[in-house]
Amino acid sequence: MHKGMEKQYEDMGKYFVFNPKKMSIEEFFGDLNNFRNMFQQAVKENQKRKESEEKIRRAKLAREKAEKDKEEKAKRSQLLDINAEGDETGIMDGLLEALQSGAAFRRKRGPRQAANRRAGNAVTSILAKELMQESTTAVSSPKKSKKEEKREGAPAEAESLEDLLEAAPSRSS
């Protein structure tokens, strides 16, 4: 068996191109084991590198898709300005799309609009106070002719804010 093993070791030396007389069996198999371990480590490192590259690629695709979706959403939510000069093709398509997506019904209130609403409430309350003062003075004053009443107009019977503004006495500030 020993002679058979030495014969196979010499055949292995011819196959791997080394001199079996100068290299011992332990040295050869030690080198072979080192090669195997280093090869397995390289395979693991290559696998990790491929996984990280794939992860980076997927993240990049996801980011590009998110940007594209964001751009499409911005385009869908943006209403076309009919009064804009230039190319007016596709206005109806844009309006129909805005109606279908619901973008035409969304209203965004900025800080300026909210301030305007508060200012409008203040103006309304001031007008109401002045009208109340006017109506109390009208009750305490002697009877007016029908022509004067029509000319002044009763503030309670006014149909719109513009009528109220016209009927209110002008104030200088």
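Accessible areas here come from the Shrake-Rupley method with a 1.4 Å probe. On that basis, the accessible surface of the protein comes to about 16,100 Å², and 55% of this surface belongs to carbon and sulfur atoms.

**Figure 1. Overview of the predicted model, a protein of 6 helices and 0 strands.**
Read from the N terminus, the elements follow the order α-α-α-α-α-α. The chain has 173 residues, of which 7% are buried. Among the contacts with a separation of 6 or more, 31% are between residues 24 or more positions apart. The average pLDDT of the protein is 76, and 61% of the residues reach a score of at least 70.

**Figure 2. Residues 153-158, a stretch where pLDDT stays under 50.**
How many contacts beyond four places in sequence does the model have for residues 153-158? The model has 6 of them for this stretch. Contact here means heavy atoms within 4.5 Å.

**Figure 3. A nonpolar surface patch made by Tyr15, Phe16, Phe29 and Leu32.**
Together the four side chains' residues have about 440 Å² of accessible area. Helix H1 (2-16) and helix H2 (25-77) are the elements that give two or more residues to the patch.

**Figure 4. The aromatic cluster of Tyr9, Tyr15, Phe16, Phe18, Phe28 and Phe29.**
Ring pairs link these six residues. The count for the structure comes to 7 aromatic pairs. One of the pairs is that of Phe18 and Phe28, whose ring centres lie 4.7 Å apart. Their planes are at 20 degrees, so the pair is stacked; the cut-off for stacking is under 30 degrees. Phe18 lies in the loop between H1 and H2 and Phe28 in helix H2, and the pair links parts of the chain 10 residues apart. Are Phe18 and Phe28 buried or exposed? Both are buried.

**Figure 5. The salt bridge between Lys21 and Glu10.**
The whole structure has 5 salt bridges, according to a search of the model. In the pair of Lys21 and Glu10, the closest N and O atoms are 4.0 Å apart. Which parts does this pair tie together? Lys21 is in the loop between H1 and H2 and Glu10 is in helix H1, so the bridge ties together parts 11 residues apart in sequence. Lys21 counts as exposed because its relative accessibility is 73%, with over 50% as the cut-off. Glu10 has a relative accessibility of 36% and so counts as partly exposed.

**Figure 6. The salt bridge between Glu53 and Arg49 in helix H2.**
The side chains of Glu53 and Arg49 meet at 3.4 Å, N to O. The two residues are 4 residues apart in helix H2, so about one helical turn separates them. Glu53 is partly exposed, at a relative accessible area of 44%. Arg49 also counts as partly exposed, at 41% relative accessibility.

**Figure 7. A salt-bridge network of Glu54, Arg57 and Arg58.**
Arg57 and Glu54 meet through their side chains in a salt bridge with an N to O distance of 2.4 Å. Both lie in helix H2, 3 residues apart, which is about one turn of the helix. Salt bridges with shared partners join Glu54, Arg57 and Arg58 into one network. Arg57 has a relative accessible area of 43% and is partly exposed. Glu54 counts as partly exposed too, with 29% relative accessibility.

**Figure 8. Val17, a residue other than glycine with a positive phi.**
Phi of Val17 is near 55 degrees. Most residues other than glycine have a negative phi.

Notes:
Residues are numbered from 1 along each chain as its sequence is written. This is a predicted model: local features need pLDDT of at least 70, side-chain atom pairs count only at pLDDT 80 or more; totals for chains, interfaces and linings use all residues. Side-chain values use heavy atoms; hydrogens and water are left out. pLDDT is the predictor's confidence in each residue, from 0 to 100. Buried means under 20% relative accessible area, exposed over 50%, partly exposed in between (1.4 Å probe, protein chains only). Patches are made of residues with over 30% relative accessible area and no salt bridge: like charges are joined within 9 Å, nonpolar side chains (Val, Leu, Ile, Met, Phe, Trp, Tyr) within 5 Å. Rings of Phe, Tyr and Trp (its six-membered ring) pair if their centres lie within 6.5 Å; planes under 30 degrees apart count as stacked, over 60 as edge-to-face and the rest as tilted.
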